[in-house]
Structure formats: structure tokens, C-alpha cells
Amino acid sequence: MRVAVAGCCHGELDKIYETLALAERRGPGRVDLLLCCGDFQAVRNEADLRCMAVPPKYRHMQTFYRYYSGEKKAPVLTIFIGGNHEASNHLQELPYGGWVAPNIYYLGLAGVVKYRGVRIGGISGIFKSHDYRKGHFECPPYNSSTIRSIYHVRNIEVYKLKQLKQPIDIFLSHDWPRSIYHYGNKKQLLKTKSFFRQEVENNTLGSPAASELLEHLKPTYWFSAHLHVKFAALMQHQAKDKEQTAKATKFLALDKCLPHRDFLQVLEIKHDPSAPDYLEYDIEWLTILSATDDLINVTGHLWNMPENNGLHARWDYSATEEAMKEVLEKLNHDLKVPCNFSITAACYDPSKPQTQMQLVHRLNPQTTEFCAQLGITDLNVRLQKAKEEHQFCGEYEEQDGVESNDSGEDRSEYNTDTSALSSINPDEIMLDEEEEDEDSIVSAHSDVNTPSVEPSDRASDFSTSFSDVRILPSSMMVSSDDTLGSPVVTEGKCDEAVESGDGEDLTKVPLKRLSDEHEPEQRKKIKRRNQAIYAAVDDDDDYAA
Ligand SMILES: [Fe+2]
């Protein structure tokens, strides 16, 4: 089947679907599935907008609300994960995944689904070492700290995914797995994004948690976004035993949705022609969710996952045949993801803006139904109970030094206005090639009264549980010529194509957002013009990371 993959969406759904339609007209035909690798921005209304960790000037309603209201319908089944710029209150309603609009499915904090027999997994958020070992304690209204920590990847999600034993075809993460840049054209990457050089040299760029998952899951494909550059790599895994064929993962990261950027790519992916033509739950994943239900943690205290160290009665939560049968019976042998989307929040009305719209911690009926059927806990019910028992929230707000306020809505208004606290989101990376260079950005920011020092995510900081045993290629180090002498990249084509096992080239046929067709000469001129149009975004690209 034909699968389109998109990088950071930033609420540009209309433009992504328009580009997809163009690709379908120009290319081999209809695309069956769209996968979006985060920063999706499923913003329904003004309250959602306040839950998005971006400076106020970037808080635009964009186009998602039209799909939520039913005014528009996604032309193709769309599956997405969360990034670091999301309507976090909306996604929080669906920790185990669910429909955010008809035909648009969120994979959850972590999740695995099947479409036409293709097994698609993913993890939402980005890695930050200081929040990694906390429970899911955040709930709206968020404060200046939780509005960011809410999208930081947690060890429990990685742990659950690591219980998977059956092969995964496609995996999605917003930030790149750490080290993946050593398996592709590093020279070209550093030519385009020279400010990654230090982190690439130190092997500190990207998520160690995603890297751990990549090593464990060894999916056929891994797609990412976040760094706003197209990059392909081929990672060869080590065979477990001599009789086994060594697996390989084809990695592809895409740019963000802007004109003339490589933000979309269509791939042919093998599917099972006899498999259903609708979205299905994955029985192994559901069984793991069911088994790990007791591990739900809604506190912000640091904790470790069960392991075979004599301290835990159980550490293996992988799905047995018997357990999978039981879960299947609970679902009456029907794995179809129900089309049970319903509008649960007020939808933005451009004619009646509501700046004071109340922000509530909502239970979503899709999650309620899913949890009831599977017999697991709704994370948000547990959070609400904990809140009633004063077990958290206040505790963390105090840590933040944010003044408490009896009005939840007012607190949210105050706390989510990050501009009042800082113009810098420590989770964002200055990325854009239009920036002068990283040093100038850093020195400019050093004048700003930053709220806190961001804990480093250097290798020494994170838990030793990251085994870091993957086989690294010989070219781990960045050689002196890695940023020099790369052949000129013609538009949309890298100088070195990464060939997959079946001869497929992951760097070919990039799809860029073009309003119409132009010859190469004309296209260059238009590119400059469009850069000017988008300068407001590009010149301060911290938002878009
Ligand atoms: Fe991002």
C-alpha cells in the first residue's frame, strides 16, 4: 500500500492534504494512509491553544478545528503521534489513543495499531532526562512547568513498548533515536544543520529512549520529525543467533510543513491483501496494556521499572498466547477500532472568539469505552482521584514557585502564558538554516532572564538503564571533512541515496508544498519569495522545533 509520511505538521492540515492530493495526481495514484510524526497541533478552541507550549505570537488556530467540527473531513486515514507542540489537554484525554476527528487517529502516549496487516507503533513526546522517570502526574490547567513536562517521554511507555515480541513494521517517534545520524549521510546533515555538529560528535543528539526502542523493536521502518531536516539512514541490526537473518531499519526523518521543504514522502509498503481495510487494535499491545495496568503512576516522584533484580515480584509483562486469547475474548474477537469519535469540546468559531473559554480536565468517552472494554484504568480518572485527595498538582505547583490561585481558569491563563515567564522554551532547539548560527542565538538569549537552567541531556546524565549496546558503524566520529566537500544537493535530492533491502530509495521523490508547478529556474526564484513570506516563522524558529 502507499503510505505518506509527514514531518512536523504544526497545524497545517489543509496544506498537507492539498500536497497529498497533488502527489496523488502526479504520482502513481491514491495514497492509502498518512502518518504524521508529531507537532500535529490538534487545537479545537481557544482553551486548547493556551495548552500549547509555544510563545503567544505562534498561538494560531490553524486548520484542525475545521476537521474537528466536521466542516472538513480528512481525505485519507491519518495516524499521528504527539510532539512537543501540541494541544496537550486534548491529547491527554486519549492516553491510549483515539480519534481526534473523523479519520484522524492519535496513537496515544504509546501505542500499536494495525492497518491492512501493517503493524504501526509509536511513542509521543520528546525525551528529557529530568522527567523520564516520573509518572504521568500532569493535568490541566497546566502551570509553567507542566505545560512542558506533559509531553516529555516517560519510562513506563518505553517499558511497555519493550514488552513487544512480535515484529513491528513501522515505528514513529517525534525526536530522532540517538545515534541514528551515524547510519546515514552525516556529512550532508552537518552541511545543512552545522549547529548539530557538537551534539553529533558527542553522540548526544536525539532521544536515548527512542534509541533503546529502536534496538529492541528493530522495525522495518522508523519515521521521525522534530529536527526539521530530511535525513535517511539504514541501520543494520545484529542477528540474535547465527540462524537468524539480521534485521535492518530504514530510518527517515522529514522536514516541517513549509513551502519547498521536504516534509512529505510517499512510500510503497508491503501489506497483507487479505487483512481488513480498517484500523485495528493490536492484540499483543492490548494484552501488554492490560498486564501493565497495575503499574499506572500519577505522581511526579521518580521511579524505576520492574526488573529482574530481586526487588520485584514480576518484571516480564510480555503477552503470552493465553493472555492474548483472554483479551481477545474480552473484545468479543473484534479488533476493529470503533469509529466512535464525538465532539466533546466547544469548537472554535471565528465569528465568536472566546478568549476566556474555561479549561477543564475532561474525561473522553472514547477512553472510557476503551478502558471499560479492556478492564484497565483511565489515567485521567486516576488523576482526578489523586487531585481530589491532594496527592499531587499543588505539590508540583509549589515546586514551580508559581503563586497559587483559587481559580483554575485564571491560574491556567497566567501559567500557560509562557511569554510572561520566559521567551525561551528549553525544549526547543534553534534549528533553522535561516538562523545566523547557534552561538549568536545563545548569546542573544543569555541576556534574557531565563527561568531555570535546563538539565543537560548529556550521555552521563541519563539512567544507566540505557544499555547503549547497539552496534555502531565505524564512522562514529565526525571527521574533519564531514562538513566539507559535500556535493551540491540538487533540489530534493540527496547525493547519497539510502537503498533499502528491496531496492527502495528513501531519499527519492520528496514531496514539497508547491502552489503550482514550475521549472527549476522559476522554482528557485519563487523559493526566495516564499522564504520572505515565511520569514516570520523562520527567523524565530524556536517555536517550530
Ligand atoms: Fe518538535
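Me: Happy to start with terms. What makes a residue count as buried?

Reply: A residue is buried if 20 or more other C-beta atoms lie within 10 Å of its own. Please keep in mind that this is a predicted model.

Me: Good. Which residues of E9 are buried on each side?

Reply: Tyr-221 and Phe-223 are buried on one side of E9, and Trp-222 and Ser-224 are buried on the other, which leaves both faces covered.

Me: And which way do E8 and E9 run, parallel or antiparallel?

Reply: They run parallel, joined by three bridges. Leu-172 has Phe-223 of E9 as its bridge partner. E9 also runs parallel to E11, with four bridges between them, and there Ser-224 is partnered with Ala-253 of E11.

Me: Phe-223 keeps coming up. What does it touch?

Reply: Setting aside residues up to four places away in sequence, Phe-223 touches Val-5, Leu-35, Cys-37, Ile-170, Leu-172 and Leu-252. Phe-223 also belongs to the largest nonpolar core, which has 117 residues. Within that core, Ala-4, Val-5, Ala-6, Leu-35, Cys-37, Phe-223 and Leu-254 touch the most other members.

Me: Which helix gives the most to that core?

Reply: That would be helix H11, residues 283-291, with six residues. There is also a second, separate core of five residues, which includes Phe-137, Cys-139, Val-298 and Leu-383.

Me: Back to the strands. How many residues of E7 are buried?

Reply: Six of its six residues are buried. Val-118, Ile-120 and Gly-122 lie on one side of E7, with Arg-119, Gly-121 and Ile-123 on the other.

Me: What does E7 pair with?

Reply: E7 pairs with E6 in the antiparallel sense over six bridges, and with E8 in the parallel sense over four. On the E8 side, Gly-122 stands opposite Leu-172.

Me: Which residue in the E6 and E7 hairpin takes a positive phi?

Reply: Arg-116 does, with phi near 50°, in a hairpin that has two residues between the strands. For background, most residues other than glycine have a negative phi.

Me: Is that arginine buried or exposed?

Reply: Arg-116 is buried, because 21 other C-beta atoms lie within 10 Å and the cut-off is 20 or more.

Me: Where else is there a positive phi in a residue other than glycine?

Reply: Asn-203 has one, near 55°. Asn-203 lies in the loop between helix H9 (197-202) and helix H10 (208-217). With 20 other C-beta atoms within 10 Å, Asn-203 counts as buried. Lys-218, which follows H10, has a positive phi as well, near 45°.

Me: Let's stay with H10. Why is it largely enclosed by the rest of the structure?

Reply: Nine of its 10 residues are buried, so H10 is largely enclosed. The buried ones include Glu-212 and Glu-215, along with Leu-213, Leu-214 and Leu-217.

Me: What do they pack against?

Reply: The buried residues of H10 pack against E7, E8, E9 and E11, and also against H5 and helix H7 (155-161).

Me: New topic: where is the cis peptide bond?

Reply: The bond from Pro-140 to Pro-141 is cis, with omega near 5°. Pro-141 is found in the loop between helix H5 (129-132) and helix H6 (146-149).

Me: One more residue. Where does Ile-296 sit?

Reply: Ile-296 is in the loop between H11 and helix H12 (321-330). Ile-296 is partly exposed, with 16 other C-beta atoms within 10 Å. Leaving aside neighbours within four places in sequence, its contacts are Thr-377, Leu-379 and Arg-382. Ile-296 and Thr-377 are 81 residues apart in sequence, and their C-alpha atoms are 8.0 Å apart.

Me: What about the whole chain, how many helices and strands?

Reply: The chain has 20 helices and 14 strands, and 45% of its 545 residues count as buried. Among contacts with a separation of 6 or more, 81% are between residues 24 or more positions apart.

Key: Residues are numbered from 1 along each chain as its sequence is written. This is a predicted model: local features need pLDDT of at least 70, side-chain atom pairs count only at pLDDT 80 or more; totals for chains, interfaces and linings use all residues. A residue is buried if 20 or more other C-beta atoms lie within 10 Å of its own, exposed if 12 or fewer, and partly exposed in between; C-beta atoms are placed from the backbone. Two residues are in contact if their C-beta atoms, placed from the backbone, lie within 7 Å. A nonpolar core is a set of buried Ala, Val, Leu, Ile, Met, Phe, Trp, Tyr and Cys residues joined through C-beta atoms within 7 Å. Two strands pair if DSSP finds at least two bridges between them.
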